[in-house]
Amino acid sequence: MLWFAFLVLAFGLFLPSFLFLKSWDVHRLVLFGIGFRLVTMGREPLFSDDWFRFIFDGFLVSKGISPYIYSPMGWLTQGLSIASTSTEEILSVQALIIKMNSPEFFSVYPPALQAVFTFPFLFFSIATDWIRFAWFYQLFFLGIEFWNLKILSKGNKTVLWLYAANPLVVLESVSQCHPEPLLVLVLLQLRKAMLNSENNTNFLINLWNLFGLCIKQSYLFVLPIVYFLQKQRQRLPFAIGTVLVCLSLFFFQFSELDSQTNFGMGLFFHSFRFHGMFEPFLYLALDTFAKPYLFLSGLLSLGIGFLLFCFWWVREGKNLRNEKLRIKTTLFYGFAFLLVFSPVVHPWYLLPVVSLAIPRKKVVHIIILYTFLTLNSYLIYSFPIWYHSLFLACIEIIGGFSLVFFRIDRFRKTTRSRSG
């Protein structure tokens, strides 16, 4: 409760800070954003244990072993004989696996992230203090966030501050070693290339697109968006490059198709459910009327979200006359729909939506509302009484739906006089 009180206080300072944006230089806002992230660094992540998996995956790759072939428990029982691993390292890995939340599942992180996880093994051994790995990941993502803030500083000041100082964004990026800042960088660079009319932008679009595929599977949701937003002559090279990279990823990451389907990436579509906004209602409906198809709730939710986004694109998106506004708005709503309809929604999944925000007052207010409501995630884990958690979860669901569908006209009217 003290921690939640601190977060409420942080938002209490964050909200009125928007009143002073006009008098603040963008360079100062960037420095503030970096400073906020620096304050959260230096200790082990408190709210996520994913970094233990990062270390384990990097350890396997450093030994020349694919992290997609062995789960942590599988490596302990089957893979020891093929790796030159010392007794000290084995004991350290065993202690690491105990701290993981899903040691029986296979890695779902694409190759580009595996390279990030492996790099500190050039300097450290897994038998050393694990905090060194946390420091490395935090420093790496701090550099990425500085890059992101510099890109955002070239645009709207409100969106820059929304990302730079938002307490949830600050908390769930660098300090917890989450890889979402790298996805944010790809999306911002991709948007920048698409907004640029120079001759080399087609190459940059394809380059950042291919990099995005190697970072996060959720980037797949962006592929049709980028395809239709490009000019006609640019679509064929984009499609060819995308297909080739997807085939390569399938060869590397899904070489053990059965393992990834049942104990890896496939879980996100048929079994792994966490904090979804729309999917729980679909799950309840299937559980009541079509129990044999209950495992399809996640896949159906994502499919419905994509169809609704396509409907939005046909009715609204493609009819936006301003090309730059069409690009910015479409990328934002693409990830907003993904956030609402994903069967798995962690707090840090909001980072791309915040970074891609379009500077409309109603959008900014909705994002601030939703990020504040998402802080209830920490209370859900703290309260042992289930109905408290259910109440807070319902509040989050309402806030999530408002992100895409709800218009807060009252906020817009009350702030219009201030903005002039």
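Guide: His27, Val30, Gly33, Ile34, Arg37 and Leu38 in H2 meet Leu142, Glu145, Phe146, Leu149 and Lys150 in H7. The model in view is a predicted one.

Visitor: How do the residues of the contact of H2 with H7 divide into nonpolar, polar and charged?

Guide: Val30 and Ile34 of H2 meet residues of H7 that include Leu142 and Phe146. Arg37 in H2 and Glu145 in H7 also belong to this contact. The division is 6 nonpolar, 2 polar and 3 charged.

Visitor: Which residues make the contact of H7 with H8?

Guide: The axes of helix H7 (residues 131-152) and helix H8 (residues 157-164) come within 9 Å and cross at roughly 160°. That angle makes H7 roughly antiparallel to H8. On the H7 side the contact is made by Glu145, Asn148, Leu149 and Leu152, and on the H8 side by Val159, Leu160, Tyr163 and Ala164.

Visitor: Is the crossing of H7 and H8 left-handed or right-handed?

Guide: The angle for H2 and H7 is about 160°, and H7 and H8 cross at roughly 160°. The handedness is given separately: the crossing of H2 and H7 is right-handed. For H7 and H8, the crossing is left-handed.

Visitor: Is serine 355 buried or exposed?

Guide: Serine 355 lies in helix H19, which spans residues 351-355. Leaving aside neighbours within four places in sequence, serine 355 is in contact with Leu152, Val159, Tyr163, Val184, Leu188 and Arg191. A residue is buried under 20% relative accessible area. Because its relative accessibility is 0%, serine 355 counts as buried.

Visitor: What lies 2.9 Å from a polar atom of the side chain of serine 355?

Guide: Along the chain, phenylalanine 332 is 23 residues apart from serine 355, and their C-alpha atoms are separated by 8.6 Å. The 2.9 Å separation involves another residue, proline 352. The atom in question is its backbone oxygen.

Visitor: What is the phi of cysteine 177, and where is cysteine 177 found?

Guide: Most residues other than glycine have a negative phi. Cysteine 177 is not a glycine, yet its phi is positive, at about 60°. At 0% relative accessibility, cysteine 177 counts as buried. Its place is the loop between helix H9 (167-171) and helix H10 (180-195).

Visitor: Is histidine 275 buried or partly exposed?

Guide: Histidine 275 has a positive phi of about 65° although it is not a glycine. Histidine 275 is placed in the loop between helix H15 (267-270) and helix H16 (279-289). Because its relative accessible area is 24%, histidine 275 is partly exposed.

Visitor: How many helices are there in the protein chain?

Guide: The protein chain has 420 residues, and buried residues make up 52% of them. Among contacts between residues at least 6 apart in sequence, 75% join residues at least 24 apart. There are 0 strands, and the number of helices is 23.

Key:
Residues are numbered from 1 along each chain as its sequence is written. This is a predicted model: local features need pLDDT of at least 70, side-chain atom pairs count only at pLDDT 80 or more; totals for chains, interfaces and linings use all residues. Side-chain values use heavy atoms; hydrogens and water are left out. Axes are lines fitted to C-alpha atoms, for helices over the stretch in contact, and angles run from 0 to 180 degrees between N-to-C directions. Helices (H or I, at least four residues) and strands (E, at least two) are DSSP runs, numbered from the N terminus. Angles under 35 degrees count as roughly parallel, over 145 as roughly antiparallel, 65 to 115 as roughly perpendicular and the rest as oblique. A crossing is left-handed if the near helix is turned anticlockwise from the far one by less than a right angle, and right-handed if clockwise. Contact means heavy atoms within 4.5 Å. Buried means under 20% relative accessible area, exposed over 50%, partly exposed in between (1.4 Å probe, protein chains only). A polar contact is a pair of N or O atoms within 3.5 Å; within protein, one must be able to donate a hydrogen and the other to accept it, and residues adjacent in sequence count only if both atoms are side-chain atoms. Ala, Val, Leu, Ile, Met, Phe, Trp, Tyr, Cys and Pro count as nonpolar, Asp, Glu, Lys and Arg as charged, and the others, Gly among them, as polar.
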